[in-house]
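Dear colleague,

Please find below the structure that I am handing over to you, together with its sequence. My notes on what was found in it follow directly after.

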Amino acid sequence: MDLRELEKDNTGRCRLSSPVPAVCLKEPCVLGVDEAGRGPVLGPMVYAVCYCPLSRLADLEALKVADSKTLTENERERLFAKMEEEGDSVGWALDILSPNLISTSMLGRVKYNLNSLSHDTAAGLIRHALDQGVKVTQVFVDTVGMPETYQARLQQRFPGMEVTVRAKADSLFPVVSAASIFAKVARDQAVKNWQFVESLQDLDSDYGSGYPNDPKTKAWLRKHVDPVFGFPQFVRFSWSTAQAILEKEAEDVTWEDSAEEDPEGPGRITSYFLSQGPQAGRPQAPHRYFQERGLEAASSL
């Protein structure tokens, strides 16, 4: 899977899609929707759709696609390659949502929760397939939240097709299983080849599963937290695990209208212009925020 577009800019969202098979422009098609990476504190969330003509659905089923969570990485890669070989009848599209986009959406002044973000992303991919001319007549979706509410919302948005939303749809409907494989393969590749915009000293790529309860993931977060600027953009800083580490490891902030604090308390931000931070083990060079803006410590005004 070619993720070069994501690697150019992984700070927002990236949509990728296959060429539309000619048969999908002519015959009624079934489309499945699923995601990978909803729960981890690290890396992107990937939504995927897979579609094929109803007349060729048996060919997709014959590949023995299954819920990506039940497959090994090698099995997912093999099935992905098989579906790519079926490019004359199988199409796909992805929306890759960066950790930065997820966190800023959830913590913005106008709250945009993860369920709403998921629903809108799924609907956007269905609309994308329709705009490309795919003759979608049936849609199957793995639910986020209450399936009845989600199904009614999608059915209202796409009245010209039959919409089915189910829990564990990725294990019930082959076209959703196929979408789950596309999503998981893309996320795994994105995480493995993540381009860090930060200059991290002693970058450790062994961050475990990325899930909040993984000890390796927690250790990686503690190792790579910056005392002033927080986490690299690889981290979903809106997750409670990340926030708890920030509260413990990062510097406190004293606002101008706050009460006087102990002078031995929070570190001074000017100390981070210097070659040596106020605490042992901190980065030796000024943070990239200062370097990119050509900022230096001023000894006098």
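This is a predicted model: local features need pLDDT of at least 70, side-chain atom pairs count only at pLDDT 80 or more; totals for chains, interfaces and linings use all residues.

Which residues is Ser180 in contact with, once its neighbours within four places in sequence are left aside? They are Asp34, Ala66, Asp67, Ser68 and Asp170.

Helix H8 also takes part in a helix packing. Its partner is helix H3, residues 73-85; the axes of H3 and H8 are 10 Å apart, and the two helices pack at an angle of about 115 degrees. The crossing in which H3 passes H8 is left-handed. On the H3 side, the residues that meet H8 are Glu73, Arg76, Glu77, Leu79, Phe80 and Met83. On the H8 side, they are Ala178, Ile181, Phe182, Lys184, Val185, Asp188 and Lys192. By class, this contact of H3 with H8 holds seven nonpolar and six charged residues, and no polar ones.

Helix H9 covers residues 215-223 and helix H10 covers residues 240-249; their axes come within 10 Å and cross at roughly 40 degrees. H9 and H10 are therefore oblique to each other. H9 passes H10 in a right-handed crossing. Lys218, Leu221 and Arg222 of H9 make this contact with Thr241, Ile245 and Glu249 of H10. Sorted by class, the contact of H9 with H10 has three charged, two nonpolar and one polar residue.

Which residues of H9 are buried? These are Thr217, Trp220 and Leu221. Viewed down the axis of H9, the buried residues lie within an arc of 100 degrees, so they line one face of the helix. In general, an α-helix has 3.6 residues a turn, so residues three or four places apart point the same way. The buried residues of H9 pack against H10.

Finally, some totals for the protein chain. Its secondary structure comes to eleven helices and six strands. The chain has 301 residues, of which 45% count as buried. Among contacts in the chain with a separation of 6 or more, 71% are between residues 24 or more positions apart.

With kind regards

Notes. Residues are numbered from 1 along each chain as its sequence is written. Side-chain values use heavy atoms; hydrogens and water are left out. Axes are lines fitted to C-alpha atoms, for helices over the stretch in contact, and angles run from 0 to 180 degrees between N-to-C directions. Helices (H or I, at least four residues) and strands (E, at least two) are DSSP runs, numbered from the N terminus. Angles under 35 degrees count as roughly parallel, over 145 as roughly antiparallel, 65 to 115 as roughly perpendicular and the rest as oblique. A crossing is left-handed if the near helix is turned anticlockwise from the far one by less than a right angle, and right-handed if clockwise. Contact means heavy atoms within 4.5 Å. Ala, Val, Leu, Ile, Met, Phe, Trp, Tyr, Cys and Pro count as nonpolar, Asp, Glu, Lys and Arg as charged, and the others, Gly among them, as polar. Buried means under 20% relative accessible area, exposed over 50%, partly exposed in between (1.4 Å probe, protein chains only). The arc is that of the directions from the helix axis to the C-beta atoms.
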